[in-house]
Amino acid sequence: SLVESPAFYPYLSGRRNLELLGRYIGVPRAEVGPLLELVALDEAGDSRYRTYSLGMKQRLGVAAALLGDPELLILDEPANGLDPAGVAVMRDMLRTLGGSGRTVLLSSHLLDEVAQICDRVSILDAGRVVADGTLADVRLACGTGQRIVVKAAPLAEAARLARELPGVAAVTTHADRLELTMDTGQASAVTRALVQAGIAVHELTATGPSLEQAFLQLTGGALAARQSSSSEVSR
């Protein structure tokens with residue numbers, strides 16, 4: 001596991017730090033080199049830890065967690081405090097680790113990163129799981145239905161027809177497109193109806209709430225209730 005920020009001997013090299021940790025848990029020294037290469041620290045492995053950037057320190061922490069080749073890797077905010085380049089390197093590394101036959105459990109508030117990295121997502125509110133599954137499953141848990149963006153001409157006629165279609169809950173008109181909220185699985189029926197009416201459909205894109213929007217929707221009511229309860233107690 002790697003919880004928040006790793007701690008190593010600052011006056012020792014990254015390689016030597018890993019060798020010492022490996023010796024404590026019975027891991028051969030020969031494993032250290034491949035781990036440094038895996039986390040892109042092979043060239044900096046013999047530099048002292050105190051000279052490492054924040055991103056390098058975080059990657060060395062991941063390498064330490066990988067000593068002994070665990071089947072489960074638990075990471076808590078591994079990209080915390082990293083610059084955009086460091087975040088990108090960490091993201092690519094986590095994808096590689098997740099595809100190498102082990103399970104990576106990532107705990108993070110950086111929801112855009114979670115959406116780009118993870119195969120499955122769980123949202124917790126006050127210690128209770130309020131959503132769990134693929135990203136698509138979590139979005140559907142919001143209960144907002146399917147959303148599609150349609151570029152069509154003439155736009156006004158497309159909007160009028162879309163509002164009359166069964167299963168379409170809402171139609172929002174923008175400068176060059178429509179955004180439709182509808183029952184899941186109705187996109188093909190909407191497209192067919194527009195084309196049969198002589199409307200040119202140039203583009204249709206399925207969309208949905210971001211993971212952040214899903215998180216806020218799924219936890220917002222409980223948060224408001226807790227704030228209200230705290231206010232009542234304080235009075």
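This is a predicted model: local features need pLDDT of at least 70, side-chain atom pairs count only at pLDDT 80 or more; totals for chains, interfaces and linings use all residues.
Residues are numbered from 1 along each chain as its sequence is written, and side-chain values use heavy atoms, leaving out hydrogens and water.

View 1. The structure holds one cavity of 30 Å³ or more, and the largest cavity has a volume of about 80 Å³. Here a cavity is a set of points on a 1 Å grid over the protein atoms alone where a 1.4 Å probe fits but cannot get out, and lining residues have an atom within 4 Å of a point. Points are joined across faces, edges and corners, and the volume is the space filled by probe spheres set on them. Look for Val87, Met90, Arg91, Leu94, Glu113 and Ile117 among the lining residues. Helix 4 (84-98) and helix 5 (111-117) are the elements that give two or more residues to this lining, and helix 4 gives the most, with four. Helices (H or I, at least four residues) and strands (E, at least two) are DSSP runs, numbered from the N terminus.

**View 2. A salt bridge between Arg91 and Glu113.** The side chains of these two residues meet at 2.8 Å, N to O. A salt bridge here is a side-chain nitrogen of Lys or Arg within 4 Å of a carboxyl oxygen of Asp or Glu, and by this rule the count comes to 11. Arg91 belongs to helix 4 and Glu113 to helix 5, so the pair ties together parts that are 22 residues apart in sequence.

View 3. Four strands line up in the order 7-8-6-9, with antiparallel pairing; two strands pair if DSSP finds at least two bridges between them. Strand 7 (168-173) and strand 9 (200-207) are at the edges with a single partner strand each, so one side of each has no neighbour in the sheet. Strand 7 pairs with strand 8 (residues 178-182) over five bridges, and Thr173 stands opposite Leu178.

**View 4. Helices across the sheet.** Helix 7 (residues 155-164) lies across strand 6 (146-153), strand 7 and strand 8, at about 160 degrees to strand 7. Helix 8 (residues 187-196) lies across strands 6, 7, 8 and 9, at about 165 degrees to strand 9. Contact means heavy atoms within 4.5 Å; axes are lines fitted to C-alpha atoms, for helices over the stretch in contact, and angles run from 0 to 180 degrees between N-to-C directions.

How values were computed
On a 1 Å grid over the protein atoms alone, a cavity is a set of points where a 1.4 Å probe fits but cannot get out, and a pocket is an open set with protein on both sides within 12 Å along at least five of seven lines; lining residues have an atom within 4 Å of a point.
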